[in-house]
Amino acid sequence: MDSVRSDHNGASSRIPVALKILIAGGFGAGKTTMVGSVSEIRPLQTEEILTGVEGADSVDGVEGKTTTTVTMDFGRITITDDLQLYLFGTPGQDRFWFLWDELSEGALGAVVLADTRRLADCFPSIDYFEQRGTPFVVAVNCFESEQRFAPEAVGRALDLDEGVPVVLFDAREPQAARNVLIELVEYVARRQLASASR
Amino acid sequence: MPADLPRAAHDWLDNDAGPVVRPYAMTQGRVAPEGGEFDLVAFVVATAGGRPGEDTPLQPEHHAIVAAAWEPISVVELASGLDLSIGVVRVLLGDLRSAGLISLYEPPAATQPHDVDVLKAVVNGLRAL
């Protein structure tokens, strides 16, 4: 069967390398805004099977309903012909955690968007990535006329592990959003070098 | 508080939810692709010279995928471009792979650690945008 041509190396001149970055955070923290400001944003339909996931809709009385629709945002940044970055805005609702597992599989890292008016909204995202060992940066989306906090103060309030970058930015600004991605990738590289030299 | 999750029944049936058609109708109810899952950022390429045989019953969506995959295209781009749900696209890709009409390339960087040279290239590329 020649349908599985698994000679990745031989094909690498044609098949781009694609890296996944997740954009997480609470409802209204600016996930869609950020994906839209750095990349061409598109909707992605996911039709997921309900498998008795905790927190999933009760199917009592509608036992025939075994799938549920989740729309996610995704965007692509073409670095070169051979290198592409895919951004996925993670579904905000807790009951879609099972989607996160797939999204974070093999992901380069994550950006957790924080809104200082509702800081607790990003706790679940942080817990999730800490548990999975997915590198992440916290990006504080600064809304206009809002009191600004020092990044260190936000880091302390979130009880972040040492070294986890915290940046202030405006999700609507493409340059600012790109800088957050750069911060993340540099952080991943630092972690990698540190673990390699250990 | 409107910012909190709406609890109204069927609030996912809004415009964002797309057409109200049972998505797995076009896969005859199959929800899992033949031969395993496909990563969201796996790349698909139509097999050179691969033409659907008469004995392969293909649906319009199958043809649309083959047509879109003349150049390498990621699974997620296929789903979004054809406005199909990701699960449906995976089942259809499984059919096409079984029929030898597409080749599938799983992302080589699916496991960590990531190549530091690649990371540097990403940083430089982002700076240059």
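Is Asp83(B) buried, partly exposed or exposed, and how many other C-beta atoms lie within 10 Å? In this predicted model, in which local features require a pLDDT of at least 70, side-chain atom pairs count only at pLDDT 80 or more, and totals for chains, interfaces and linings use all residues, Asp83(B) is partly exposed, with 13 other C-beta atoms within 10 Å. Residues are numbered from 1 along each chain as its sequence is written, while chains are lettered from A and ligands numbered from 1 in the order in which they are written. A residue is termed buried if 20 or more other C-beta atoms, placed from the backbone, lie within 10 Å of its own, exposed if there are 12 or fewer, and partly exposed in between. Asp83(B) is found in the loop between helix H2 (75–81) and helix H3 (86–98) of chain B, where helices (H or I, at least four residues) and strands (E, at least two) are DSSP runs numbered from the N terminus. Although Asp83(B) is not a glycine, its phi is positive, at about 55°. Most residues other than glycine have a negative phi.

Chain B contains 4 helices and 3 strands, arranged along the sequence in the pattern β-α-β-α-α-β-α. Of the 129 residues in chain B, 36% are buried. Among the contacts in chain B with a separation of 6 or more, 77% involve residues 24 or more positions apart, two residues being in contact if their C-beta atoms, placed from the backbone, lie within 7 Å.

The 3 strands of chain B form an open sheet in the order S2-S1-S3, with antiparallel pairing, where two strands are taken to pair if DSSP finds at least two bridges between them. Strand S2 (73–74) and S3 of chain B are the edge strands, each pairing on one side only. Strand S1 (residues 43–46) of chain B is joined to S3(B) by 4 bridges, the two strands running antiparallel, and within this pairing Ala46(B) stands opposite Ile102(B). S1(B) also pairs with S2(B) in the antiparallel sense, over 2 bridges, and here Val44(B) stands opposite Ile73(B). In strand S3 (residues 102–105) of chain B, Ile102(B) and Leu104(B) point one way and Ser103(B) and Tyr105(B) the other way, and all are buried.

H3(B) lies across S1 and S3 of chain B and runs at about 115° to S3(B), with axes being lines fitted to C-alpha atoms, for helices over the stretch in contact, and angles running from 0 to 180 degrees between N-to-C directions. Helix H1 (residues 60–68) of chain B packs with H3(B) at an angle of about 75°, their axes being 10 Å apart. H1(B) is therefore roughly perpendicular to H3(B), as angles under 35 degrees count as roughly parallel, over 145 as roughly antiparallel, 65 to 115 as roughly perpendicular and the rest as oblique. The contact involves Glu61(B), His62(B), Ile65(B) and Val66(B) of H1(B), together with Leu92(B), Leu93(B), Asp95(B) and Leu96(B) of H3(B).

Glu61(B), located in helix H1 of chain B, is partly exposed, with 17 C-beta neighbours inside 10 Å. Apart from neighbours within four places in sequence, Glu61(B) is in contact with Met26(B), Leu82(B), Leu84(B) and Leu92(B). The C-alpha atoms of Glu61(B) and Val89(B) are 8.6 Å apart, although the two residues are 28 residues apart in sequence.

In chain A, helix H4 (residues 123–132) has Ser125(A), Ile126(A), Tyr128(A) and Phe129(A) buried. These residues lie on the same side of H4(A) because they cover an arc of only 160° around the axis, the arc being that of the directions from the helix axis to the C-beta atoms. Asp127(A) and Gln131(A), on the other side of H4(A), are exposed. The elements covering the buried residues of H4(A) include strand S1 (17–25), helix H3 (97–104), strand S5 (109–114) and strand S6 (136–141) of chain A. Gly133(A), which follows H4(A), has a positive phi, near 75°.

Helix H2 (residues 31–38) of chain A is mostly covered, with 6 of its 8 residues buried, namely Lys31(A), Thr33(A), Met34(A), Val35(A), Gly36(A) and Val38(A). Asp159(A), in the loop between helix H5 (151–157) and strand S7 (166–169) of chain A, has a positive phi of about 55° although it is not a glycine. Asp159(A) is exposed, with 9 other C-beta atoms within 10 Å.
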